[in-house]
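Hi,

Here is the structure I promised to send over. Please open it next to this email, and I will walk you through what turned up.

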Amino acid sequence: ILHAHLVPEGVKSIVLFLIPYDSGERFSDGVSVYAHIPDYHSYFSGLKDRLFKSLSELCPEFHFYGFADHSPIVEKIACAKAGLGVIGKNSLLINERYGSYVFIGSILTDAELPCHTVEIRGCINCETCIKNCPGRAIQPDGFSTENCLSMISQKKILTQSNKFLLAENKIAWGCDRCQEVCPMNTDRMFSAIPFFKEHVHGNFSSEEIAQMNDETFRSYAFSWRGRSRITENLQNLEKHG
C-alpha cells in the first residue's frame with residue numbers, strides 16, 4: 001500500500017482518518033456533491049496546521065507529514081486494511097457511519113505507534129451500482145475508468161459521443177449515481193463539520209462560472225481542469241434542457 005520512493009525517510013507509522021463531507025443538500029445542475037463545497041484541500045490544509053501545532057507541542061521529538069489525495073500511500077486500500085471501511089464494486093471506500101461520502105487524510109510519522117489491521121473486505125455485493133451505472137463502468141470483474149461518466153466529464157477534450165452521454169444522464173461534473181443507489185449509503189450520517197455545512201453552493205450555471213472571479217473559481221474542485229471544461233459541460237446540459 002506504499003509508494004516507497006515517495007515516503008519521507010524514517011517513517012514508521014501511518015495514521016488514517018476520514019472526513020465526511022455530505023451536508024444532505026441536493027441540486028439539479030449535474031455537479032457532483034463534493035464539488036458544491038469549496039475544495040476540500042483547503043479544509044485539510046487548515047486541519048493539518050491545527051493538528052501539527054498540537055502534535056509538535058506534545059511530541060517535539062517526532063516528525064509528522066500530512067497528506068490528502070496526493071499521498072505516498074494507496075489511501076482506499078490502506079483505510080480498508082485499517083478497518084475504516086469496505087471497498088465497493090464502484091471502487092469507493094464505504095464507511096459504516098458515513099457511507100462513501102468521505103475524504104481521506106493521512107499522517108505519516110517516525111513515531112512507532114501500535115498497529116491494528118483487518119482483512120480487506122468488499123461490500124455486500126448486491127450489484128445495485130452495476131445495474132445503475134450510466135456508463136457501464138462498474139462490472140462484476142472490475143471498474144473501468146474509461147467508461148466512468150465522472151472521469152469523462154473531466155476530460156480535457158470531449159467527443160460528441162461524450163457530450164451526448166453527459167447530457168443524456170444530466171451530468172456536468174462528476175457522477176454520484178453509484179453512491180445514490182448504494183444501499184450501504186441509505187442510513188449514513190451527514191457531516192456535522194461547519195466547513196461542509198455552511199459553505200454549500202446552490203445550483204451552478206454556465207453564466208455564473210464565466211463571470212466568477214479567479215479567486216472564487218479556484219476555490220472549487222472543478223477548477224483544476226480550467227474554466228472552459230465546467231462551463232461547456234453546464235452549457236451542454238442547459239442546451240438540452
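This is a predicted model: local features need pLDDT of at least 70, side-chain atom pairs count only at pLDDT 80 or more; totals for chains, interfaces and linings use all residues.

P8 is buried, with a relative accessible area of 18% (buried means under 20% relative accessible area, exposed over 50%, and partly exposed in between, with a 1.4 Å probe and protein chains only). You will find P8 in the segment before strand 1. Helices (H or I, at least four residues) and strands (E, at least two) are DSSP runs, numbered from the N terminus. Leaving aside neighbours within four places in sequence, P8 is in contact with Y65 and L108, where contact means heavy atoms within 4.5 Å.

Residues are numbered from 1 along each chain as its sequence is written, and side-chain values use heavy atoms, with hydrogens and water left out.

Three strands form an open sheet in the order 1-5-2, with antiparallel pairing (two strands pair if DSSP finds at least two bridges between them). Strand 1 (13-20) and strand 2 (64-68) are the edge strands, each pairing on one side only. Strand 2 is joined to strand 5 (residues 102-109) by five bridges, and F64 stands opposite T109 in strand 5.

Next, the rings. The structure holds 17 aromatic pairs; rings of Phe, Tyr and Trp (its six-membered ring) pair if their centres lie within 6.5 Å, and planes under 30 degrees apart count as stacked, over 60 as edge-to-face and the rest as tilted. In one of these pairs, the ring centres of F204 and Y220 are 5.3 Å apart and the planes are at 85 degrees, so the pair is edge-to-face. This pair links distant parts of the chain, 16 residues apart: F204 is in the loop between helix 7 (194-198) and helix 8 (206-211), and Y220 is in the loop between helix 9 (214-218) and helix 10 (227-239). Both F204 and Y220 are buried.

F217 and F222 form a tilted pair, 5.9 Å centre to centre with 45 degrees between the planes, and both are buried. The charged end of R227 sits over the ring of F217, 4.6 Å from its centre (NZ of Lys or CZ of Arg must be within 6 Å of the ring centre and within 35 degrees of the ring normal). One aromatic cluster includes F17, Y21, Y40 and F103.

Which residues of helix 5 are buried? In helix 5 (residues 160-168), they are N162, L166 and A167. They cover an arc of only 130 degrees around the axis, which puts them on the same side of helix 5; the arc is that of the directions from the helix axis to the C-beta atoms. These buried residues pack against helix 4 (149-153) and helix 10, while Q160 and E168 are exposed on the other side of helix 5.

Finally, a backbone point. Most residues other than glycine have a negative phi. K170, in the loop between helix 5 and helix 6 (177-181), has a positive phi near 55 degrees and is exposed, with a relative accessible area of 56%. E127 is not a glycine either, yet has a positive phi of about 70 degrees; E127 is partly exposed, at 29%.

Best wishes
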